Amino acid sequence: MSTLSLALPAAGRRLAPAVTGLLLMTGLLLLSLLLDVASGPSMLPLREVVAALTGSTVERGTAVIVWDIRLPVALMALLVGAALGLSGLVMQTVLHNPLASSYTLGVSAGAGFGAALVIVLGSTLPLPETVAVPLAAFLFAGIACSAVLGIGYAKGGQADSYVLGGIALLFLFQALLSLLQYLASPEALQAIVFWLFGSLYKASWPKLALVAAVLALCLPLLLRDAWRFTALGLSDERALSLGVNVPVLRWRALAIVSLLTGAAVAFVGTIGFVGLIAPHIARFLLGEDQRLLLPGAALCGALLLSLSSLLGKWLSPGELIPIGIVTATVGVPFFLLLVMRSKPGAW
Amino acid sequence: MLHAQHLHVSLGRQTVLQDISFEARPGEVTALLGPNGSGKTTLLKTLAGLLPARGQLQWQGRPRNLQHGGQLHPSCGYLPQDCSTRSRLTVEDAVLLGRLGTLGWRVSTEQREAVRQQLATLGLAALAGRRLCELSGGQRQMVFLAQVLLREPSLLLLDEPISALDLQHQVQVMCTVREQTRERGLTSVVVLHDLNAALAYADCVLLLRQGRLVATGNTVDILTPATLAPVFGVTIHQAHTATGHSVLCPHTG
């Protein structure tokens, strides 16, 4: 019987650092989650948070704060961050573009337009706004993705055609969104702007379950193609020469990513920067092996959004700073630091 | 045995290859020669299954479906000409991808050992832990050749495998290709620009010009000044070395 090894980069020589990196990220993620639940207008001691989470006896008020208010928000940060990190990595890989993310393909802009349309139409719709807004965001994210996939397919599955199609749609949806903002009442305009900032405070257990289900469906599907993504990372032609059906893989991956992104942005609004930066950090830490990178990018995304949520609470106790603002203002300097410190050609 | 009959290949509205018929035998290296734009790479990609074509192509007695293209035939090992990549994958992992079809989540010790042996065969053992983006173009080409050979193909299709290599590595690669072809009974078709490399290492030659096959046969019969001059548009001289080998050199005016 053959001896098996996990055999990660270079015959396992870098196995230990890579797995250590993943474990470290997981540990940090758990710590960040606990701190995020503990933080808020009324700070809770960590042991009380742990007691509440493990079902030990705590005051009823504490249990309500933990389970009904803060935990859904903290978990939403994790799940949305993971979904955005994962989708960003797959987009960057299959499109050979380090700037690819749900923004590049116009998915977020589509979702934003959908949400804004419902906000403007308001009471004329048969559904309550709390249901109609995420539903419209999800649907328009899907429409944007379908259009990009259609353009790419029509052009023979070339990476550039997807990117160009996505950029065209981005400008189209942004223009339509600007039109809606121009026409909207002051109240609707305020609601649109707040939605576009991105906020975790729309989280609830049913929404969490939906995002978790989408993530649980998409992650294994993507992991199944991990080796093919690694091959595609070399170049299209090289992947073809290794037996990968590149146009089919690209189309399939982007369809899965569309679902992930749509589910993520529908409930929290447009949080763009995580999908761009998380894959780069994961690649910086873990290398190019997609068996590690896929979970790594998801972990990085989750950690980034969780830390941003935490930071937002610490910077402005009692205020609800939209998470999209925190991720960009804190993430950009960190990202630039990584770029400046990396070796030439690494980005 | 690879048997092509009346192959026609079009890219968009442009006909790139017309009425190509030839045979390539196992255990032999067939050199594919011709000027730039004559259709060498297109023919190689068609044989690999990557481009759709009209006509018939038989491999080991069985007809191959030429209608769709886009998918490498399982028996093929295809080395593209372009070896550029920004990947930070290590050499060992890159070569391992040669076994892509059989790789599971875990990689067996046997698979790792096969990679090491392949790297050692091509003299690349010292590069195993290096990243692809840190290598020279020639080194990368060698790594990708190792990747192709690890697939253990029965039909080996190499597009200019020595064009980026120094003399020592050119000899090493072509000797390896010839050895593997003989030992494993491979059918090898190699695009070359170096006529003397074709003379030294190829058993047969396919000579293309403007998308048509203008000559095919044994290397020594085809690679003569009289055949080559009209194809390449230059006067070519043939000389013989003290060891009895032929050398072709263009007239430098």
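**Salt bridges**

At 23% relative accessibility, B:D203 counts as partly exposed. The model in which this residue is found is predicted. B:D203 joins B:R182 through a side-chain salt bridge, with an N to O distance of 3.1 Å. Because B:R182 belongs to helix α5 (residues 167-184) of chain B while B:D203 lies in the loop between α6 (195-201) and β10 (204-209) of chain B, the pair ties together parts that are 21 residues apart in sequence.

*Further charged pairs*

- B:R182 is likewise classed as partly exposed, at 42% relative accessibility.
- Over all chains, the count of salt bridges comes to 14.
- In chain A, a salt bridge of 2.9 Å (N to O) forms between the side chains of A:D225 and A:R252.
- This pair links distant parts of the chain, 27 residues apart: A:D225 sits in the loop between α8 (205-224) and α9 (226-232) of chain A, and A:R252 in helix α11 (residues 246-268) of chain A.
- A:D225 is buried, with 2% relative accessibility, whereas A:R252 is partly exposed at 28%.
- A:D289 and A:R291 also meet through their side chains in a salt bridge, at 2.7 Å (N to O), and both A:D289 and A:R291 are buried.
- In chain B, a network of salt bridges links B:E92, B:D93, B:R112, B:E113 and B:R116.
- Side chains of opposite charge can pair when their charged atoms come close.

*The four-stranded sheet of chain B*

- Four strands of chain B make up an open sheet with antiparallel pairing, in the order β2-β1-β4-β5.
- β2 (14-24) and β5 of chain B are at the edges, each having a single partner strand, so one side of each is left without a neighbour in the sheet.
- Seven bridges pair β1(B) with β2(B) in the antiparallel sense, and B:L7 stands opposite B:I20 in β2(B).
- Strand β1 (residues 2-11) of chain B is joined to strand β4 (residues 54-59) of chain B by five bridges, and the two run antiparallel.

- B:W59 in β4(B) stands opposite B:L2, and the bridge partner of B:W59 in β5(B) is B:R62.
- Two bridges connect β4(B) with strand β5 (residues 62-63) of chain B, again in an antiparallel arrangement.
- A hairpin is formed by β4(B) and β5(B), with two residues between them.
- In the turn of this hairpin, B:Q60 has a positive phi of about 50 degrees.

Note on methods:
Residues numbered from 1 in each chain as written. Chains lettered and ligands numbered in written order. Predicted model: local features only at pLDDT ≥ 70, side-chain atom pairs only at ≥ 80, totals over all residues. Heavy atoms only, no water. Pairing = 2+ DSSP bridges. Salt bridge = Lys/Arg side-chain N within 4 Å of Asp/Glu carboxyl O. Buried < 20%, exposed > 50% of the residue type's maximum accessible area, 1.4 Å probe, protein only.
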